[in-house]
Amino acid sequence: MRVDYSPGSIDPGSFYRLLTAVIVPRPIAWVSTLTADGETANLAPHSFFTVASTDPPVVQFTSVGRKDSLRNVEATGEFVVNIASEPFLDQINETATDFPRDKGEFDAVGIGTEPSLRVKPPRVASSPVALECTLHATLGLGNSTVVFGRVVHAAVSEEVLVDGDPDIRRLRPLARLGKNEWGTVGELHERARIPYRDWERRN
Ligand SMILES: Cc1cc2nc3c(=O)[nH]c(=O)nc-3n(C[C@H](O)[C@H](O)[C@H](O)COP(=O)(O)O)c2cc1C
């Protein structure tokens, strides 16, 4: 037996909660932006986040509603995705507070910045990975806006590299789950992809 849910027959908030409870775990982009006057540095987590294209490298996040991060990206054409790592769970959550527009979360929460190399918004100094992005496009979809950012520079802390590659045990990325739940990396499983030429020999 299954329980059926139709988006037309339950309220949008309930369907949103259903989607966020089943599309899990979601990586978290900790997005830093600057206001158009360059005065206020904004920082907010977005878990509707993924890779949109690999060549050119483009990442995407979704603003549900028109939030400060979205307005700043539209005004400046730039943002930084900082990877949300386990030690910063509470800080990340604090940056999701609906501070007034002129109150930047870096200052309000007490998060250290470091300059970016290719864009004006600062990086989160303590985040192990910063993806510096220029705005590629936005796509309005109902109550949401998908933001596509061309990754023009990636800065990765040496501390999370093993043999030259980022290592998940060192990155310790957080995930957003349903409700107010957060996840951390659990058990790892490795499987090599199976080329079709090997498939028939196996079966
Ligand atoms: C872990 C986490 C993930 C979130 N993901 C999103 C998201 O994908 N899209 C969104 O619009 N809001 C998301 N939010 C809520 C925003 O972070 C929150 O509304 C924030 O205040 C927006 O800040 P801003 O107005 O400075 O852009 C998330 C909150 C948390 C705690």
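Modeller: Setting aside neighbours up to four places away in sequence, Thr138 is in contact with Glu74, Thr145, Val146 and Val147. The model discussed here is a predicted one.

Colleague: What makes these residues count as contacts of Thr138?

Modeller: The criterion is that the two C-beta atoms lie within 7 Å. Glu74, Thr145, Val146 and Val147 meet this criterion with Thr138, and each is therefore listed as a contact. Thr138 itself belongs to strand E9, residues 129-141. A further distance concerns Gly149, 11 residues from Thr138 along the chain: the C-alpha atoms of the two are separated by 8.8 Å.

Colleague: Why is Thr138 called partly exposed?

Modeller: Thr138 has 16 other C-beta atoms within 10 Å. A residue needs 20 or more to be buried and 12 or fewer to be exposed. The value for Thr138 falls between these limits, so the residue is partly exposed.

Colleague: What makes E6 a mostly covered strand?

Modeller: In strand E6, residues 78-83, six of the six residues are buried. One side carries Glu78, Val80 and Asn82, the other Phe79, Val81 and Ile83, and both faces are covered. Each of these residues therefore has 20 or more other C-beta atoms within 10 Å of its own.

Colleague: How do you know that E6 and E9 pair, and in which sense?

Modeller: Pairing requires at least two bridges between two strands. E6 and E9 are joined by five bridges, so they pair, and the sense is antiparallel. Within this pairing, Glu78 stands opposite Thr134 of E9. E6 also pairs with strand E2, residues 29-34, in the antiparallel sense over four bridges. There, Asn82 of E6 is the bridge partner of Trp30.

Colleague: Which strand do six bridges join to E2?

Modeller: That strand is E3, which runs antiparallel to E2. Thr33 has Asn42 of E3 as its bridge partner. E2 and E3 form a hairpin with six residues between the strands, and in this hairpin Gly38 takes a positive phi near 75 degrees.

Colleague: Why is E3 described as largely enclosed by the rest of the structure?

Modeller: Five of its six residues are buried, so E3 is largely enclosed.

Colleague: Which residues of H2 are buried, and what covers them?

Modeller: Asp68, Ser69, Leu70, Asn72 and Val73 are buried in H2. Their cover includes E2, E3, E5, E6, E9 and strand E10 (144-156). H2 is followed by Gly77, whose phi is positive, near 75 degrees.

Colleague: What makes up the largest nonpolar core?

Modeller: That core has 30 residues, and Trp30, Leu131 and Cys133 have the most contacts inside it. At least two core residues come from each of E2, E3, E5, H2, E6, E9 and E10. Beyond residues up to four places away in sequence, Trp30 touches Leu43, Pro45, Asn82, Ala84, Ile92, Val124 and Ser127.

Colleague: Why are E1 and E14 called edge strands?

Modeller: The open sheet in question has three strands in the order E1-E13-E14, with antiparallel pairing. Strand E1 (26-27) and strand E14 (182-183) each pair on one side only. E13, residues 175-176, pairs with E14 over two bridges; the requirement is at least two, so this pairing qualifies. Arg176 stands opposite Trp182 in E14.

Colleague: Which domain does the UniProt record give, and where?

Modeller: The unreviewed UniProt entry places "domain: Flavin reductase like" at residues 21-176. In the model that span is 17% helix and 45% strand, and its end C-alpha atoms lie 9 Å apart.

Colleague: What does the protein as a whole comprise?

Modeller: The secondary structure comes to six helices and 14 strands. Of the 203 residues, 28% are buried. Among contacts with a separation of 6 or more, 62% link residues 24 or more positions apart.

Notes
Residues numbered from 1 in each chain as written. Predicted model: local features only at pLDDT ≥ 70, side-chain atom pairs only at ≥ 80, totals over all residues. UniProt positions renumbered as here; feature names shortened; annotations may be inferred. Core = buried A, V, L, I, M, F, W, Y, C linked by C-beta atoms within 7 Å.
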